[in-house]
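User: Could you walk me through this fold with a few questions and answers?

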Amino acid sequence: MRSPKDFFAPLAVGAPTPVREVPARPSRMIHFFDPSNEKMAAKVPGMVGSVDVLLGNLEDAVRADRKEAARQGLVDIAKATDFGESTQLWTRVNSLDSPWALDDLVTLVTEIGDRLDVVMVPKVQGPEDIHYVDRLLAQLEARAGLTRPILVHAILETARGVADVEAIAGASPRMQGISLGPADLAADRRMKTTRVGGGHPGYLVRADPATDLGEGVDPVTAPRATHQQDLWHYTIARMVDACAMHGIFPYYGPFGDIKDVVACEDQFRNAFLLGCVGTWTLHPVQIDIAKRVFSPSAADVAHARRVREAMGDGTGAVMLDGRMEDDASLKQCLVILELAERLGA
Ligand code: GLV
Ligand code: MG
């Protein structure tokens with residue numbers, strides 16, 4: 001049977017392409033910019049060093065008549081900018097069923113393949129989409145003489161993609177991670193929302209009428225608390241499991257209501273607590289939110305250190321502040337500590 005590593009079989013004379021480890025560099029925020037928008041593009045060099053990932057977006061939100069300008073704009077920016085050690089350069093290419101995807105991949109790998117860390121592939125339907133991109137990248141890398149494989153990130157934004165998320169996550173050793181794409185996914189699932197990510201006030205649970213109002217209480221007029229629910233819980237949890245199973249990174253996607261920084265932070269935090277390592281940011285105001293939310297808090301790190309200390313050789317159980325800690329709570333603490341270490345927090 002073909003192993004995923006076979007996808008790195010060399011296509012040209014020369015050493016086999018090395019399999020690259022999933023990058024340990026942080027990617028708490030994947031900051032989107034439109035390379036066809038000169039004003040936005042001019043700000044990119046100034047953001048290097050302060051964001052983990054800068055992503056030149058070629059897909060949705062770029063007008064059809066600006067696709068070529070966006071592609072060329074990204075080539076120009078990549079050639080003119082030193083991204084240093086702490087900021088990665090990613091791109092989101094057009095979807096594989098569009099007229100632009102092939103030219104996006106050919107041009108970008110040929111022109112700036114040595115600078116691109118990750119190619120984000122939208123509207124992924126199944127592992128076959130990843131295999132296609134993987135093979136194409138291998139050919140283009142070989143032709144360009146690149147020795148560092150470009151990694152692949154899938155957006156989960158079709159019902160079929162969600163149904164096949166485990167296979168997508170394991171489709172290639174190039175897989176770096178998966179993001180939730182709530183806007184396209186909502187449309188594909190025929191949800192009745194009209195937003196880009198986040199919740200909806202109509203998606204709620206309502207408490208029963210207060211029982212202390214006594215017999216005969218009218219449920220229509222009685223005061224009853226309501227709680228808005230997370231529309232994305234199921235999909236994020238499923239995506240996180242698939243990513244954990246294959247050792248790649250899960251991300252929340254876009255939050256379109258730029259003004260609502262409170263709801264944005266809540267959505268990001270829910271994703272972080274469920275296991276996501278980062279999110280997309282669409283506006284500078286979301287960058288600080290992402291940095292704060294996707295870094296463990298000082299209090300969590302201090303608590304995790306205390307548990308590690310108290311647990312000695314890591315087995316058995318101890319009481320700390322009236323709570324039982326054991327091997328499994330220690331493992332959770334080690335996740336926090338490993339993340340803090342990676343982020344230098
Ligand atoms: C992102 O691309 C989305 O559709 O939410
Ligand atoms: Mg989308």
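Predicted model: local features only at pLDDT ≥ 70, side-chain atom pairs only at ≥ 80, totals over all residues.

User: Which residue in β3 is the bridge partner of asparagine 57?

Analyst: Residues are numbered from 1 along each chain as its sequence is written, and chains are lettered from A and ligands numbered from 1 in the order in which they are written. Strand β2 (residues 53-57) and β3 pair in the parallel sense over 5 bridges, where pairing takes at least two DSSP bridges between two strands. In β3, the partner of asparagine 57 is arginine 92.

User: Is strand β3 enclosed or open, and why?

Analyst: A residue is buried if 20 or more other C-beta atoms, placed from the backbone, lie within 10 Å of its own. Gln88, Trp90 and Arg92 point one way from β3, Leu89 and Thr91 the other way, and all are buried. In a regular strand the side chains alternate between the two faces of the sheet. Because 5 of the 5 residues of β3 (residues 88-92) are buried, β3 is largely enclosed by the rest of the structure.

User: Which residue in β4 is the bridge partner of tryptophan 90?

Analyst: β3 and strand β4 (residues 118-121) run parallel, joined by 3 bridges. Helices (H or I, at least four residues) and strands (E, at least two) are DSSP runs, numbered from the N terminus. In β4, tryptophan 90 has as its partner valine 118.

Terms used: Buried ≥ 20, exposed ≤ 12 C-beta atoms within 10 Å, placed from the backbone.
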